[in-house]
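Good morning. I will go through a few places in one protein model, and you can follow along on the screen.

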Amino acid sequence: MPVDLPPTSDADSAALPAGPAFSPLYQQIKSLLLKSLQGGEWKPGEAIPSELELAGRFRVSQGTVRKAIDELATENLLVRKQGKGTFVATHAEEQIQYRFLRLAPDEGPTTGMARHFLDCRRMRAPAEVARALGLKAGEPALLVRRTLWRNERPVVLDEIWLPAQMFKGLTAERLAQYAGPMYGLFETEFGVRMIRAEEKIRAVAADEATAELLQVAPGAPLLSVERLSRTYGDQPVELRRGLYNTTSHYYRNELS
């Protein structure tokens, strides 16, 4: 029977995170798996090695590996597929691509919305954007503005800020031509995967410019959602400010 022992490979041992000696072994294995994901050893959509193979690689029990994988699956970084194995989660997957879409219609299923890109330009990041994205003063950022439509009506106005260095070559034309979700484009063409986000939500009134784009009256109530999305290593890579018309939609969340 395999015995749980610390990994003995010099490379893997060096990769173990610094921390208390009592850190559970499965957490150390989870950290090593995260390092492999971040380093691109397994690409989005690809299968990772079996639990048995990983147990041999790290010289731990299969149960320890399974526990580490279970946590990564719960965090939507890995996806288990019955009879096929465990795969790196990708925003191209239907169950994943709507993970960050919290606006649902009052009636009918939650589906994607039609996108209309208004602008995509490179500019100096405002101070508050630079702070949020961890940019130095004066560093450039990309500003993407778009509306999202459902049933031929605009529902969302998004202002999206991205570090310019990470998204070289991104244009409004390229965004419009990509058939999948925006996060899928970031993942496949720029190697940036959004793995978690934090949001601030408040009620606001539509100003004249916003009212025109969302086809509502000036002063109409809107839901303001500011989202900071992060990739591996907790690195911030997107600041999104969305204004939602909730006349026929609601913001949904699951608490656990």
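Let us begin with Thr-210. Setting aside the neighbours within four places in sequence, Thr-210 is in contact with Leu-157, Leu-222 and Leu-243. Please keep in mind that this is a predicted model. Thr-210 belongs to helix H9, which covers residues 208-214. Is Thr-210 buried or exposed? The relative accessible area of Thr-210 is 7%, and the cut-off for buried is under 20%, so Thr-210 is buried.

Next, helix H8, residues 182-190. Why can we call H8 largely enclosed by the rest of the structure? Because seven of the nine residues of H8 are buried. The buried ones are Met-182, Tyr-183, Gly-184, Leu-185, Phe-186, Glu-187 and Phe-190.

Now a pair of helices. Helix H2 is residues 25-38 and helix H4 is residues 62-74; their axes come within 8 Å and cross at roughly 60°. H2 and H4 are therefore oblique to each other. The crossing of H2 and H4 is right-handed. Which residues meet there? On the H2 side they are Leu-25, Tyr-26, Gln-27, Ile-29, Lys-30, Leu-33 and Leu-34. On the H4 side they are Thr-64, Lys-67, Ala-68, Ile-69, Glu-71 and Leu-72. By type, the residues of this contact between H2 and H4 divide into eight nonpolar, two polar and three charged.

The last stop is His-249. His-249 sits in strand S10, residues 249-251. With a relative accessibility of 6%, His-249 counts as buried. Leaving out residues up to four places away in sequence, His-249 touches Leu-103, Ala-104, Pro-105, Asp-106, Arg-150 and Val-155. Take Asp-106 from that list: Asp-106 and His-249 are 143 residues apart along the chain, yet their C-alpha atoms are separated by 5.1 Å. The side chain of His-249 also makes polar contacts with two side chains, that of Arg-150 at 2.8 Å and that of Ser-248 at 3.2 Å.

That is the end of the tour. Thank you.

Note on methods: Residues are numbered from 1 along each chain as its sequence is written. This is a predicted model: local features need pLDDT of at least 70, side-chain atom pairs count only at pLDDT 80 or more; totals for chains, interfaces and linings use all residues. Side-chain values use heavy atoms; hydrogens and water are left out. Helices (H or I, at least four residues) and strands (E, at least two) are DSSP runs, numbered from the N terminus. Buried means under 20% relative accessible area, exposed over 50%, partly exposed in between (1.4 Å probe, protein chains only). Contact means heavy atoms within 4.5 Å. A polar contact is a pair of N or O atoms within 3.5 Å; within protein, one must be able to donate a hydrogen and the other to accept it, and residues adjacent in sequence count only if both atoms are side-chain atoms. Axes are lines fitted to C-alpha atoms, for helices over the stretch in contact, and angles run from 0 to 180 degrees between N-to-C directions. Angles under 35 degrees count as roughly parallel, over 145 as roughly antiparallel, 65 to 115 as roughly perpendicular and the rest as oblique. A crossing is left-handed if the near helix is turned anticlockwise from the far one by less than a right angle, and right-handed if clockwise. Ala, Val, Leu, Ile, Met, Phe, Trp, Tyr, Cys and Pro count as nonpolar, Asp, Glu, Lys and Arg as charged, and the others, Gly among them, as polar.
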